[in-house]
2 protein chains.
Amino acid sequence: MDKIKIAVDAMGSDEAPLNDVSGAIIAAELKPDLLEIILVGKKKLIDDELFKHKVKLKNISVVNAEDVVTMEDSPTESLKSKPDSSISVGINLVKEKKADAFISAGNTGAVMTASILKLGRIDGVGRPTIGSIFPSDVGNTMVFDVGASVDCKPKHLLEYAIMGNIYMKNIYGVSNPRIGLLSVGEEKSKGDSLTFETYELLEKSGLNFIGNVEGRDILRGKAEVIVCDGFVGNVILKFAEGVLDVIKGKFKAYAAQGFFKKLWIGMMYGTLKNVVLKDFDYQEYGGVPLLGINGITIIGHGKSSPIAIKNMILKAEEMVVKNVNEKIRDSISK
Amino acid sequence: MDKIKIAVDAMGSDEAPLNDVSGAIIAAELKPDLLEIILVGKKKLIDDELFKHKVKLKNISVVNAEDVVTMEDSPTESLKSKPDSSISVGINLVKEKKADAFISAGNTGAVMTASILKLGRIDGVGRPTIGSIFPSDVGNTMVFDVGASVDCKPKHLLEYAIMGNIYMKNIYGVSNPRIGLLSVGEEKSKGDSLTFETYELLEKSGLNFIGNVEGRDILRGKAEVIVCDGFVGNVILKFAEGVLDVIKGKFKAYAAQGFFKKLWIGMMYGTLKNVVLKDFDYQEYGGVPLLGINGITIIGHGKSSPIAIKNMILKAEEMVVKNVNEKIRDSISK
């Protein structure tokens, strides 16, 4: 069997190329016979980083890309002004079949835009989508769209449901994912003009549609896939990240009030982390795919650790192995 | 000076009439010379409750209402089918100037609908709104609308900003509230069709508009007033309530794993409550007003404790004393 080739944006994370290269090394060492990693970015910086790790892995290669897209760059402008960016070069590798997938912890909008424009959408998909995993005690819930795909039409939410269904089946092993429609009440009569029409489409879709779900249901594992307009999903995702920051900040401020308080928080923190915070830590999840494009792109948080990068690579591998895009193509065409 | 008369829905909370009557007694005892409480609901049940407390307060009276609107009742139908409900009778007291304000921990939709239909909207207000307080280390942020006023138009969000501005000024003493527009990015160019148009209106409004804010900014105290479509606000509010439930649930589950874990969680809980949970506890805030109507209605959570009910009564009093509705009338007419 041919190795699976994953192009890794070495300039993506906030700590690039350190975290990106380290994560790639972990993945390459973990699966020497299955994975081939192509690090994309400023070759000199990447080589220095590889040298520091004192490893020489046969399954890691480097492709030079001189430009770097920053978090501040405009997605569409950067595509034109920085044609030799690690994002553009990496996605071109996928386009030219020199890589099976691309992963990046860089500018989300730029990765999305470049992926959609260079790789194109799967036939029948109006809008590619990014989802986010929200963990609960009874399983994982994935919300689509959180990628700020705004002013969605009902058919877009139907597409999210179809693609999310396949993703949760194949990547999370859920046999018949429950699909919920995010709204302001459980009754069919509660919602706005978008949810009313989407409800009708989902009812007729043949999916395991369980009706409306509310904001509080996202963390209750009531459905494996929850669909909503990308404005709503993005606001919730960022709010959720904000909650964690606030909680951590409050503990820090309390600890700063004195030695014993610091000691006490230190004692509590291990439990807190294991009981609450771990589940909400995006690092564990290793990025999310941009679904609906002709190719595989996994997008991660700028703060991604080496472990998160490693997990993104493994997720990309799984997307390839399980033929997720083929299955989406089949489902959408129906 | 005449006492301020507050009509209290005695049948509102999940523990009605216990919590509602207890809360009313606390408020009445606290301000015997300033407040007059009118308990509205099934007279016999209320009298029994008052008798149990063995208090006879001169500033508490009872007005009978035989019907009770449940949480399951449809707001509009209940208004017709239960004309003698505590909600309808209580709001009628305000309409007939026999009370200065009405507070209820009952069915939010029913209280909203009855208030709007019976008391009418302030001239120039297209949509009355409910906000919710989100606390932060640097102050309080109030998000409008969280009352599920869906498919908002830009002018509605402008109204929310104007009313929220006056509310935060008068009730929270913020001299020049910063107004934020909830969106998917800070730049003016980020958002959906609703935010683009609203941005223009807010820029010209003369308010202290600080531009777009994101989901994470809600808990960061970046603005005192954040406006959004009621669909988005309602989903976030319920998501936030869900987060607290999940955190509490996780600690409970951990404690159930054994004696020492239970002991340990017990030891930690006091700190947790003081450091994190207290700030997120809606009981502390005592309900929120329905702004934009010709009268004062304060709506609380079904789970309201006696303290929350007491706080709702005090909030209603403050709304009267500070002439909030007069000020909204002035501002909107400009």
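Visitor: What share of the contacts in chain A with a separation of 6 or more comes from residues 24 or more positions apart?

Guide: This is a predicted model. In chain A, 72% of the contacts with a separation of 6 or more join residues 24 or more positions apart. The secondary structure of chain A consists of 11 helices and 11 strands.

Visitor: How is the radius of gyration of chain A to be read against that of a compact globule?

Guide: A compact globule with 334 residues would have a radius of gyration near 20 Å, and chain A, at 20 Å, therefore agrees with that expectation. Along the principal axes, the C-alpha atoms of chain A fill a box of roughly 60 × 60 × 40 Å. Of the 334 residues in chain A, 54% are buried.

Visitor: Which rotation and shift superpose chain B on chain A?

Guide: In general, two copies of a chain are related by a rotation about an axis and a shift along it. Here, chain B is superposed on chain A by a rotation of 180° with 0.0 Å of shift along the axis, at an RMSD of 0.0 Å. This is the relation of a two-fold axis. The same surface serves both copies, since 100% of the contact residues of chain B recur in chain A.

Visitor: How many residues are in contact between chain B and chain A, and which elements of chain B contribute?

Guide: In chain B, 35 residues are in contact with 35 residues of chain A. On the side of chain B that touches chain A, the elements giving two or more residues are α8 (230–255) and α9 (259–275) of chain B. The most comes from α8(B), with 16 residues.

Technical notes: Residues are numbered from 1 along each chain as its sequence is written. Chains are lettered from A and ligands numbered from 1 in the order in which they are written. This is a predicted model: local features need pLDDT of at least 70, side-chain atom pairs count only at pLDDT 80 or more; totals for chains, interfaces and linings use all residues. Copies are superposed by least squares on the C-alpha atoms of residues with pLDDT of at least 70 in both. Two residues are in contact if their C-beta atoms, placed from the backbone, lie within 7 Å. Helices (H or I, at least four residues) and strands (E, at least two) are DSSP runs, numbered from the N terminus. The radius of gyration is taken over C-alpha atoms; the globule rule is 2.2 Å times the number of residues to the power 0.38. A residue is buried if 20 or more other C-beta atoms lie within 10 Å of its own, exposed if 12 or fewer, and partly exposed in between; C-beta atoms are placed from the backbone.
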